[in-house]
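Me: I'd like to learn how to read a few features of a fold, one at a time. Can you walk me through this one?

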Amino acid sequence: MRQEWFNPSNGRRYLVELFEDLLGDWVLVRCWAGANRPGNQKMAVMASQADAFHQLKSIEALRRKRGYRRVM
């Protein structure tokens, strides 16, 4: 699963990818970058699929609160 957000007021992008790896672990990858700034990323192994989806919903709520619009 992949979701991307864009903030038109400051040109920042935020991307989240959630997938199950070969060992059956759920991995959440978060990437972000600004218009004139280098990006960064974080990767975390989630305890369960339910935890992964809960974290994804939390990220989406925070992005909306900060003025981001969903791209895909």
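Me: Which residues does Met46 touch, not counting residues up to four places away in sequence?

Reply: Before that, a word on the model: it is predicted, so local features need pLDDT of at least 70 and side-chain atom pairs pLDDT 80 or more, while totals for chains, interfaces and linings use all residues. Residues are numbered from 1 along each chain as its sequence is written, and side-chain values use heavy atoms, without hydrogens and water. Contact means heavy atoms within 4.5 Å. By that rule Met46 touches Trp26, Leu28, Asp51, Ala52 and Gln55.

Me: Which residues make up the largest nonpolar core?

Reply: In soluble globular proteins, nonpolar side chains tend to be buried together. A nonpolar core is a set of buried Ala, Val, Leu, Ile, Met, Phe, Trp, Tyr and Cys residues joined through side-chain atoms within 4.5 Å, where buried means under 20% relative accessible area, exposed over 50% and partly exposed in between (1.4 Å probe, protein chains only). Here the largest one has eleven residues: Trp5, Tyr14, Val16, Leu18, Trp26, Leu28, Met46, Ala52, Leu56, Ile59 and Tyr68. At least two residues each come from β2, β3 and α1 (49-65); such elements are DSSP runs, numbered from the N terminus (helices H or I, at least four residues; strands E, at least two).

Me: How many bridges join β1 to β2, and how many pair β2 with β3?

Reply: Two strands pair if DSSP finds at least two bridges between them. β1 (residues 2-7) and β2 run antiparallel with six bridges, and β2 and β3 are also antiparallel, over eight bridges.

Me: What should I look for in the turns?

Reply: Check phi. The β1 and β2 hairpin has four residues between the strands, and Gly11 takes a positive phi near 75° there. Between β2 and β3 there are five residues, with Gly24 in the turn at a positive phi of about 90°.

Me: Is Asn36 buried or exposed?

Reply: Asn36 counts as exposed because its relative accessibility is 77%. Asn36 is found in the loop between β3 and β4 (40-46).

Me: How far apart are Asn36 and Asn7 in sequence and in space?

Reply: Compare the two separations: Asn36 and Asn7 are 29 residues apart in sequence and 14 Å apart in space, C-alpha to C-alpha.
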